Amino acid sequence: MNDESQLLDKKSLRLLQGGKAGWAALAADCVCFANAAGGLLHIGIEDSQALPPAGQRIEQALLDTVRKRLGELTVNVLAAPERVTAANGGEFIALRVARSVGVASTSDGRYFLRVGDACCPVLGDDVL
């Protein structure tokens with residue numbers, strides 16, 4: 001089941017354990033949503049699954065790290081992580097990304113836009 005769309009994307013919790021590359025990918029996804037209509041990332045649910053693993057737990061420290069790292073890696077992105085408990089008792093992060101009032105980018109100057117269920121790199125002028 002793949003319910004990803006213009007407004008929803010699912011990411012594995014391994015993304016946050018992937019070092020620098022994982023955080024850069026998450027920042028790009030947040031920029032995508034911020035430059036489009038905003039959206040929601042479910043971190044901790046695999047693409048092919050509807051729920052997180054039953055025993056999965058999300059620590060408050062991870063939520064704080066997500067908030068801090070995204071602030072460091074993005075410009076004009078408002079993202080709010082929240083711990084959610086699924087019906088099976090497993091936990092995941094619901095990361096709400098608001099639509100940006102300006103042009104959002106990564107802190108290294110890259111721009112992305114959400115088109116359908118994909119994140120596409122674009123030039124800054126294309127976002128406007």
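The model is a predicted one, and the protein chain in it holds three helices and eight strands.

**Overall build**

- Read from the N terminus on, the elements of the protein chain follow the order β-α-β-α-β-β-β-β-β-β-α.
- The radius of gyration of the protein chain is 14 Å, which agrees with the value near 14 Å that a compact globule of 128 residues would have.
- Taken along the principal axes, the box that the C-alpha atoms of the protein chain fill is roughly 45 × 30 × 25 Å.
- When contacts between residues at least 6 apart in sequence are considered, 71% of those in the protein chain join residues at least 24 apart.

**Surface and charge**

- Of the 128 residues in the protein chain, 44% count as buried.
- The protein chain has an accessible surface of about 6,600 Å², and carbon and sulfur atoms account for 55% of that surface.
- There are 13 positive and 15 negative side chains in the protein chain, and the centres of these two sets lie 4 Å apart.

**The disulfide**

- The count of disulfides comes to one, and the pair that forms it is C32 and C119, whose sulfur atoms are 1.6 Å apart.
- This pair links distant parts of the chain, since C32 belongs to helix α1 (residues 19-35) while C119 belongs to strand β8 (residues 118-122), and the two cysteines are 87 residues apart.
- The link of C32 and C119 is right-handed, with 65 degrees about the S-S bond.
- C32 is buried, because its relative accessible area of 1% falls under the cut-off of 20%, whereas C119, at 28% relative accessibility, counts as partly exposed.

- C30 counts as buried, because its relative accessibility is 0%.
- For C120 the closest cysteine sulfur is in C119, at 6.8 Å, and this distance is likewise too far for a bond.
- C120 has a relative accessible area of 27% and is therefore partly exposed.

- Once neighbours within four places in sequence are left aside, H42 is in contact with L8, D9, K10, K11, F92, I93 and A94.
- A87 is found in the loop between β4 (79-85) and β5 (91-97), and A87 counts as exposed because its relative accessibility is 81%.
- Although A87 and L51 are 36 residues apart in sequence, their C-alpha atoms are 7.8 Å apart in space.

Terms used: Residues are numbered from 1 along each chain as its sequence is written. This is a predicted model: local features need pLDDT of at least 70, side-chain atom pairs count only at pLDDT 80 or more; totals for chains, interfaces and linings use all residues. Side-chain values use heavy atoms; hydrogens and water are left out. Helices (H or I, at least four residues) and strands (E, at least two) are DSSP runs, numbered from the N terminus. The radius of gyration is taken over C-alpha atoms; the globule rule is 2.2 Å times the number of residues to the power 0.38. Buried means under 20% relative accessible area, exposed over 50%, partly exposed in between (1.4 Å probe, protein chains only). Contact means heavy atoms within 4.5 Å. Accessible areas come from the Shrake-Rupley method with a 1.4 Å probe; for residues, only the protein chains shown count as cover. Lys and Arg count as positive and Asp and Glu as negative; His and the chain ends are not counted. The place of a charge is taken as NZ of Lys, CZ of Arg, CG of Asp or CD of Glu. A disulfide is a pair of cysteine sulfur atoms within 2.5 Å.
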